[in-house]
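Work through the exercises below with the sequence and the model side by side. Try each task before reading its solution.

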Amino acid sequence: MERTYPVSFEIAGPFAMFARPDTGSSPVSYPVPTYSAAKGMFESVARLASSRLSAAQIVPQRVEVCCDIRYERYVTNYGGPLRKPQQFKRRDNYQLIATVLVDVCYRVHGTVEPTPQSTTPPRDCHQLQAMFERRLHNGQSFHTPCLGWREFAPSYFGPLRAPTAINQDLNGHLESLLESVFDEAGRVSPVFRTDREIREGTLLYREASNAQ
């Protein structure tokens, strides 16, 4: 029986935004972190380790929702690259209106697996698992994890807390869930997973047969 190397963390905060691409310039959040957002949270801790253990990677498997899903309107001044040319010239920002999640809490689970090109034994997987758990416990990270947008810093990010409970009353269907925006070469190449289900507060990012 092949050994597995599970890793997990809990994250909570006052605001979160995991934007649905189909909502355009007034974005609305998915109710859960996307696969790429979850992977980014893992890598905020494991990035230094991954640079030394390049034969291993962390693959998100599922997210557990430990809160009620609540949305609120959020308005901010946008000064990024999607502004119109005349706004760049005048150095103008514009008001961005979004629908964000409030008072969120998630538990995210993944596995440490060999990278597709790896030909090494699972030693690197065990080492990356141990390093991730140690750094998470010590509060060490390469950069501050965020709940989607960079300004949405968590109020808690760390090991699973015993009192936290899954919202088992939460069920829902996601017609399409963004998995990633860029391919391995860094080119824009969006990937979506269709017909995802939140069942009793848990969403599987991939069916077992599709896991990397």
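## Ground rules and a first backbone angle

Just after helix α3, Gly139 takes a positive phi of about 75°. This is a predicted model: local features need pLDDT of at least 70 and side-chain atom pairs count only at pLDDT 80 or more, while totals for chains, interfaces and linings use all residues. Residues are numbered from 1 along each chain as its sequence is written, and side-chain values use heavy atoms, with hydrogens and water left out. Helices (H or I, at least four residues) and strands (E, at least two) are DSSP runs, numbered from the N terminus.

## Exercise 1: The length of α3

Task: Work out the span that helix α3 should have, and compare it with the distance between its end C-alpha atoms.

Solution: 
- Step 1. Helix α3 covers residues 123–138, which is 16 residues.
- Step 2. The expected span is 1.5 Å times one less than the number of residues.

## Exercise 2: The buried side of α3

Task: List the residues of α3 that are buried. Then find what Gln129 touches.

Solution: 
- Step 1. Apply the cut-offs: buried is under 20% relative accessible area, exposed is over 50%, and partly exposed is in between (1.4 Å probe, protein chains only).
- Step 2. The buried residues in α3 are Asp124, Cys125, Leu128, Gln129, Met131, Phe132, Arg135 and Leu136.
- Step 3. Take Gln129. Its relative accessible area is 10%, so Gln129 is buried.
- Step 4. Look for contacts (heavy atoms within 4.5 Å). Setting aside residues up to four places away in sequence, Gln129 touches Tyr5, Pro6, Val7 and Val112.
- Step 5. Check for a polar contact: a pair of N or O atoms within 3.5 Å, where within protein one must be able to donate a hydrogen and the other to accept it, and residues adjacent in sequence count only if both atoms are side-chain atoms. The Gln129 side chain reaches the backbone oxygen of Pro6 at 3.0 Å.

## Exercise 3: Ala56 and its neighbours

Task: Is Ala56 buried or exposed? Which residues does Ala56 touch?

Solution: 
- Step 1. Ala56 is in strand β2 (residues 56–65).
- Step 2. Its relative accessible area is 4%, so Ala56 is buried.
- Step 3. Not counting residues up to four places away in sequence, Ala56 touches Val112, Glu113, Pro114, Thr115, Asp124, Cys125 and Leu128.
- Step 4. Ala56 and Gln117 are 61 residues apart in sequence, yet 9.8 Å apart in space, C-alpha to C-alpha.

## Exercise 4: The nonpolar core

Task: Which members of the largest nonpolar core touch the most other members?

Solution: 
- Step 1. A nonpolar core is a set of buried Ala, Val, Leu, Ile, Met, Phe, Trp, Tyr and Cys residues joined through side-chain atoms within 4.5 Å.
- Step 2. The largest one has 51 residues; Phe9, Phe18, Tyr106, Phe132 and Leu147 touch the most other members.
- Step 3. Elements giving two or more residues to this core are β1 (6–16), α1 (35–52), β2, β3 (71–78), β4 (94–114), α3 and β6 (172–182). β4 gives the most, with 10 residues.
- Step 4. Follow Phe9. Among its contacts beyond four places in sequence are Ala38, Met41, Tyr106 and Leu160.

## Exercise 5: Aromatic pairs

Task: How many aromatic pairs does the structure hold? Describe the pair of Phe15 and Tyr74.

Solution: 
- Step 1. Rings of Phe, Tyr and Trp (its six-membered ring) pair if their centres lie within 6.5 Å; planes under 30 degrees apart are stacked, over 60 edge-to-face, and the rest tilted.
- Step 2. The structure holds 10 such pairs.
- Step 3. Phe15 and Tyr74 form a tilted pair, 5.8 Å centre to centre with 55° between the planes.
- Step 4. Phe15 lies in strand β1 and Tyr74 in strand β3, so the pair ties together parts 59 residues apart in sequence.
- Step 5. Ring pairs also link Phe9, Phe42, Phe132 and Phe157 into a cluster.

## Exercise 6: Cysteines without a bond

Task: How many disulfides does the structure hold? Check Cys67 and Cys146.

Solution: 
- Step 1. A disulfide needs two cysteine sulfur atoms within 2.5 Å. The structure holds zero.
- Step 2. For Cys67, the nearest cysteine sulfur is that of Cys105, 6.4 Å away.
- Step 3. For Cys146, the closest cysteine sulfur is also in Cys105, at 16 Å, too far for a bond.
- Step 4. Cys67 has 10% relative accessibility and counts as buried. The backbone oxygen of Cys67 lies 3.0 Å from a polar atom of the Asn167 side chain.
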